[in-house]
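Reader: I would like to learn how to read this model from the whole chains down to single residues. Could you take me through it?

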Amino acid sequence: MSERHPTELSPEERAFLERVAESYRAEPLGPAEVVAFRARLDARLETARRARERSRHRIIWGAPALAAAALCALLFLPRYFAAPVVPAGVQASLLIEYSGLETAVAQLGYLPEEYQLLSTLLDEPWNESDEES
Amino acid sequence: MGDSAGAMKSGVTRHADARAYGAEAARRLRFETLVREQRDRALGLAWRLLDGDRSAAEDVVQEALVRAHRSLARFREEAALGTWFYRILIREVRRHQLRRAVRERWERLLAQAPARVTVPEGVDPGLQRRIAAALGRLSRGQREAFVFVHLESFTVQQAAEALGKSKGTIKSHLHRALLSLRAELADLREETR
């Protein structure tokens, strides 16, 4: 099957294509339609321009606000999560007072080891006398 | 000294403003030329690709012009302005066809009457409908190539650039489209003999 260049059409094919092109074409715009077309185009251009302006403003104001929020989160969230939830010292002193050191240490089991040690050391009354002697 | 620095600064600003103004004016002029020179041809092309739907063709051409206006600042003269615009237009036509296909599928599902009524004004509405139907049965590539080259008189090179295909592919599409249409519209062929 040989494929010819469109310019190599036979006269009969050309006539057929001309007939198709003539029978299947849009009516050109009349003067009033040209004006209406242009008015609609201008309205669409204006709408597009306003939409662009709005999105530009969103970037101008949105980006710094987003950056500030991210910075705040970065600074404050670790502190919030790192802060001890239970005031271990107070609980330890109360526990020791009411249930004795052994029981208090046993009941402080839910705290990390360092906290357990720290709270018992801070609350032991004989630590001071040890230091003095 | 201060005055001269101020004058120099304001001179530089004025120069930059003038340049920006010049660029904007050039862009506006180019857009007006594009609208004036391509509007009717673009409408004709869109009309033929959208089965003779006049309002859809106008909508698609306007959307393509809006997109062209937005991107005109980035146009780098690597292609002719017309070819560049027709590339935008053909994307809009395809987008519209896709939306219409989805809408029609839903309408069929909901058993509604088809929304698209393509009875264009013209010489012979019956013949126009038959040609539209015959074009509609071609593949998208064949239809686009046929409309660009045989109906809108673009060269094969221009059609290839606008449609983003090789010249060989366009020629192949044209050949197959012509065979198919000659078979579909055999009576028209007989008339032209």
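Predicted model: local features only at pLDDT ≥ 70, side-chain atom pairs only at ≥ 80, totals over all residues.

Reader: How many helices and strands does chain A have?

Author: Helices (H or I, at least four residues) and strands (E, at least two) are DSSP runs, numbered from the N terminus. Chain A has 6 helices and 0 strands, and chain B has 8 helices and 0 strands.

Reader: What percentage of the residues in chain A count as buried?

Author: Buried means under 20% relative accessible area, exposed over 50%, and partly exposed in between (1.4 Å probe, protein chains only). In chain A, 20% of the 133 residues count as buried; in chain B, 46% of the 193 residues do.

Reader: And what share of the contacts joins residues at least 24 apart in chain B?

Author: Contact means heavy atoms within 4.5 Å. Among chain B contacts between residues at least 6 apart in sequence, the share joining residues at least 24 apart is 65%. For chain A, residues 24 or more positions apart make up 32% of the contacts with a separation of 6 or more.

Reader: How much area do chain A and chain B bury between them?

Author: Buried area is the accessible area (1.4 Å probe) that two parts lose on being put together, summed over both. Here chain A and chain B bury about 3,800 Å², with 63% of it on carbon and sulfur atoms. On the chain A side, Phe16(A), Tyr24(A) and Arg44(A) lose the most area to chain B, together 22% of what that side buries. The contact draws 32 residues from chain A and 49 residues from chain B.

Reader: At what angle do H1 of chain A and H4 of chain B pack?

Author: Two packed helices are described by the angle between their axes and the distance between the axes. Axes are lines fitted to C-alpha atoms, for helices over the stretch in contact, and angles run from 0 to 180 degrees between N-to-C directions. Helix H1 (residues 11-23) of chain A packs on helix H4 (residues 125-136) of chain B at about 110 degrees, with axes 9 Å apart. H1(A) and H4(B) are therefore roughly perpendicular (under 35 degrees is roughly parallel, over 145 roughly antiparallel, 65 to 115 roughly perpendicular and the rest oblique).

Reader: Which residues of H1(A) and H4(B) meet?

Author: Arg19(A), Val20(A) and Ser23(A) meet Leu127(B), Gln128(B) and Ile131(B).

Reader: Where does Asp51(B) lie, and is it buried or exposed?

Author: Asp51(B) is in the loop between helix H1 (2-49) and helix H2 (54-71) of chain B. Its relative accessibility is 14%, so Asp51(B) counts as buried. Phi of Asp51(B) is near 55 degrees, a positive value in a residue other than glycine.

Reader: What is the phi of Ser153(B)?

Author: Ser153(B) has a positive phi of about 60 degrees, although it is not a glycine. Ser153(B) sits in the loop between H5 and helix H6 (156-163) of chain B and, at 57% relative accessibility, counts as exposed.

Methods:
Residues numbered from 1 in each chain as written. Chains lettered and ligands numbered in written order. Heavy atoms only, no water.
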